[in-house]
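Here is a short report on selected local features of one model. It covers a strand pair, a helix and some backbone geometry.

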Amino acid sequence: MKPDRRETPLALIVDDDAVNRLLACAALESSGWKVEEAENGREALEAFQRLQPDVVLLDVMMPEMDGYTACASLRKLPEGADTPVLIMTGLDDYHSITQAYDAGATDFLTKPLNGLLLIHRVRYIVRSSRIVQELRHSQASLAQARDAALEGTRLKSEFLATVSHEIRTPMNGVLGMTEWLMDTQLTPEQRDCVDTIRTSGETLLSIINNILDFSKTEAGKLQLQQTDFDARRLLEEVVALFHTRARCRGVELSCLIHPLVPTWLHGDPDRLRQILSNLLSNAVKFTEQGAIRLRADVDERQDPIDPGRSGASGPANGNAGRLVHVHFSVTDTGIGIAPEACTRIFQPFMQADGSTTKKYGGTGLGLAICQQLVDLMGGSIGVDSEPDRGSVFHVTTPLERQAE
Ligand code: ADP
């Protein structure tokens, strides 16, 4: 292996002409180089492997093996890929220059040699080649560090996924027993206590479920289902989940599905339900008065409307046109989000501002999970919002019409 930093840099001069060798040798030695010599290409390759020089000066016209062939063979050696090679040639026509670079030369110098030019050219190509090597080295170290960091994150997420999965089982036991206790004879005080245990347990379970989902996706372990489902029914069911909560607050909750949205779709209904539930749950949580609306439309930017076809008319025929981009939006008239927080809230554990947790609770994982799921589905998510006026969360995702 080439020593990392030789005290005196070493040049290998390859030329069958002794006068040329002498000239080059004198120029380089005068500027502090150590020089070794070879008289032809074959000798050069042997000397290169033995000496591992810092630069090779190569004549073209030599007996046995010419400079181009020697240069190309040198490039194939394990240590030869990065060593700068300067071709010294009397031929400076287009063809010879191209041939020199094609053979892997770093640069070329025309004969008769000019000693000063030679020294500067050698210095320049050696310095550039060192910089390139250092860059390559740091690029490789960076790639290694990035891989290690990614692997670390994956392992951590895997650990989190396992732990939260393990906590879920006893938690379900606690909740089950609480339900059972509620059905027994209790004093009002005891009932109050058990009720608090139940709601706290449910909150804890939902946090654990969020952590499990988030870390599973981070660890690359979450796989989407591919199954047929009834989109209209799914949307109506999701909205129904929040009717009571909205009504209790005096907030109107509605669902609007455009007739062109196909009823029969193919994809992952559970994950779609999870995304829309998260958005509706936030809308209810952050809206004190007014209205919340879930809408589903065909995204006309991606699927221009064909007036001859009704999306809701039933299963698609054949593969052609089976993909449909559905745009879901959840609009509320709630507290809204400051412009600078609109991107942050999709990051894990991030909330719009510090007071949110105090007033509304939450972990800041819901939207991060939505973002992960939408990414997995090949869609996009975003928000338009104005403080005190409300928010519109948008999700656009490609789904398949059901096959016949
Ligand atoms: P969590 O609700 O558990 O805090 P999310 O990731 O679902 O976590 O939401 C992150 C933050 O985004 C919320 O804490 C809130 O600050 C903001 N946010 C989300 N949805 C709305 C909404 N509909 N109106 C106002 N703010 C919202």
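## Strand pairing and crossover

Two strands pair if DSSP finds at least two bridges between them. Helices (H or I, at least four residues) and strands (E, at least two) are DSSP runs, numbered from the N terminus. Strand β4 (residues 85-89) runs parallel to β5, and four bridges join them. Ile87 has Phe108 of β5 as its bridge partner. Between the two strands the chain passes through helix α4 (residues 94-102), and this β-α-β crossover is right-handed. Right-handed means that, with the strands pointing away from the viewer, the path from the first strand over the helix to the second runs clockwise.

## Basis of the model

The model is predicted: local features need pLDDT of at least 70, side-chain atom pairs count only at pLDDT 80 or more, and totals for chains, interfaces and linings use all residues. Residues are numbered from 1 along each chain as its sequence is written, and side-chain values use heavy atoms, with hydrogens and water left out.

## Helix α10

Helix α10 spans residues 366-377, 12 residues in total. From first C-alpha to last it reaches 17 Å, close to the 16 Å expected at 1.5 Å a residue. The expected span is 1.5 Å times one less than the number of residues.

The helix is mostly covered, with nine of its 12 residues buried. Buried means under 20% relative accessible area, exposed over 50%, and partly exposed in between (1.4 Å probe, protein chains only). Among the buried residues are Leu367, Ile369, Cys370, Leu373, Val374 and Met377. The cover includes helices α6 (188-218) and α8 (269-285), and strands β11 (380-386) and β12 (390-401). Just after α10, Gly378 takes a positive phi of about 85 degrees.

Most residues other than glycine have a negative phi, and most peptide bonds are trans. Gln52 sits in the loop between α2 (41-51) and β3 (55-59). This residue is buried, with a relative accessible area of 9%.

Glu64, also not a glycine, has a positive phi of about 70 degrees. Its place is in the loop between β3 and α3 (67-76). Glu64 is exposed, at 62% relative accessible area. The peptide bond from Lys111 to Pro112 is cis, with omega near 0 degrees. Pro112 lies in the loop between β5 (107-110) and α5 (115-182).

Methods
Contact = heavy atoms within 4.5 Å.
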